[in-house]
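Please keep the sequence and the model in view while reading.

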Amino acid sequence: MAPKELYTKRITELTAEIKQLNKYNHLVVVLELLAVAMAIACIVLYTTWNGGIVALAGALLSIVIYVAIRWKDSRNSRMSEEKESMRSVYQKELDYLRGDYSGFSSGEQYLNPHHEFTLDLDIFGPQSLFHRINRTVTSGGSDFLAKELAETRVRTKAEIEQRKEAISELAEREPLRTAFLAGALGKHVRTDEVLKALSEMKTIHISHLAASNISYILSIVSIIVFYGLLAGAIFGPLSGTLPLLWVLFQITAVYLVFGRTLKRVHQSINMILPRLSSYVNMIMQIVTSDLESQETRSIISQLSDNNQDAMKSFRLLKGIISDLDQRNEIWVPISNALYLADYFIVRRFLLWQDRYMTHVDEWIAAVSHFDALVSMATFRYNEPSATDAEIVEKDEVVYETRGLYHPFLGVKAVRNDFTITDQHYYIITGANMAGKSTFLRSVGINYVLATCGMPVFADSLRISLFSLFSSMRTTDDLAHGISYFNAELLRLQQLIEVCRENRHTLIILDEILKGTNSLDKLNGSRLFLQSVTTLPITGIIATHDLEISKMQQECPERFHNYCFEIQLSDEITYTYQLTEGVARNQNATYLLKNIIRQLAPA
């Protein structure tokens, strides 16, 4: 089933299921009121009617029925919330297929004008590649995905193939991906806040007396003594003062020993309770899956080691925090009197801290890793027309493509064939809006996708592994006194430094030295291109300056001319087709004449 059909079908099904659950919830409210009314009526009868045993039994039965209805109601509410979350996931995917990415974070926080290629290739920001791929439900997953897309280290073929295997496997597991995303229940979990709270927990010093067997035995004995004194006072000759004094002793002792500690624990981790629920849901989806790829098995093993079970750990912590959350001024003395509640909360927390705390960072990192993989796999599933790149292990730049197009343009985009040979330079000329910049970005962005193990937008793409550097959107920085021309020089200097550090680099340049006059720009551009030929660099350079294309005549074994030609007649025809040679037609004067013609008096 095609993605659009699947998403539409699942939204329809879930809408019907949610509607049915909501109907049942209305009935539950009525049944709860009836059960309460019946219990009250039976209690009244018990106090006023001689045959009170029947009324008492009725009251007890009504209470049991009420508890059962409440349990069922709570279960249905959870089911309804989960289905609402799943429907939201499907709706966002359907919106994505319609070109609406507003349901996903655009990754603006990762914009970096000094990065080797991300700004030029639209990797981050509104309508960017990240915006299209990102489905992460944790900030850690978002960071992991951003790091992968912005990676400048040259990966190995084995790493890419391993990632590709994991993405392909997850792409075929749509129910698992949806359940994982829905597990966050519509919340975007701030990983840094969770880690900060857990880090603060590490600093809480608790005496190991609470975890000792001696304190445990004494606590049990104390509870037994209390109930023994209470029973003696009710059914025997003991004074009621004795259990009361014992209770006061228990409450005072627990407060003095554990009161301050519990307050610190509660303050540091109370804020993460909803987030822990999301982590429990997500971890459960991961560890109960039967994924087999090497990368996903590694994540699962991190989370489900027999001795350090992440899901068990987070459930225990969630229970501790829930107990802390229920403490109040009225319930604290009562619970400590009845069963030394505060002591056992501290004991559970201390045991949890000793056993699991050192593994929490690793578990959260594993969830972030899986979160990013789900995004990549969803992108693959949503783009069935894309294909896998072929990676070759050659110590040179290899880039051979057939039918290449930009992923943002869709399947209707004009496709182009292109081959890049190591340490060769390709001068691309053409009129404004003819397609030069889009083609350059197509080359770069598809290389980024390929090295991340994701599908590429071409009939075929065969690449080796090399570093990538682009200079297409250089901007001035007036706040720091950097002019446009100076910014261009700094960018080119950065390019040279990066290329010197790598064995092979593909550079993608859109106009060199735009910030100076035509003659100076031409001379500077020629000087730059002649100089970089001494470095292990391969390049694609788009330009309006046809004089630069003459470098092919001077060095035909290294420089090659390509162009995007337009057709001029009554209207301009853009073919967006890359061909060999130098562009003959320009459109700036033509377009300006049309504008000026509109200024003429009627």
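**Helices and a mixed sheet**

Helix α16 (residues 436-451) lies across β4, β5 and β7 and runs at about 110° to β4. The model is predicted: local features need pLDDT of at least 70, side-chain atom pairs count only at pLDDT 80 or more, and totals for chains, interfaces and linings use all residues. Residues are numbered from 1 along each chain as its sequence is written, and side-chain values use heavy atoms, leaving out hydrogens and water.

**Terms**

- Helices (H or I, at least four residues) and strands (E, at least two) are DSSP runs, numbered from the N terminus.
- Axes are lines fitted to C-alpha atoms, for helices over the stretch in contact (heavy atoms within 4.5 Å), and angles run from 0 to 180 degrees between N-to-C directions.

**The sheet**

- Four strands form an open sheet in the order β3-β7-β4-β5, with mixed pairing (two strands pair if DSSP finds at least two bridges between them).
- Its edge strands are β3 and β5 (416-421), each of which pairs on one side only.
- Strand β3 (residues 390-391) pairs with β7 in the parallel sense over two bridges, and Glu-390 stands opposite Arg-462 in β7.
- Strand β4 (residues 398-404) runs antiparallel to β7 and is joined to β7 by four bridges; Thr-401 stands opposite Leu-461 in β7.
- Strand β7 (residues 460-463) has Leu-461 and Ile-463 on its covered face, and Ser-460 and Arg-462 on its uncovered one.

Key. Buried means under 20% relative accessible area, exposed over 50%, partly exposed in between (1.4 Å probe, protein chains only).
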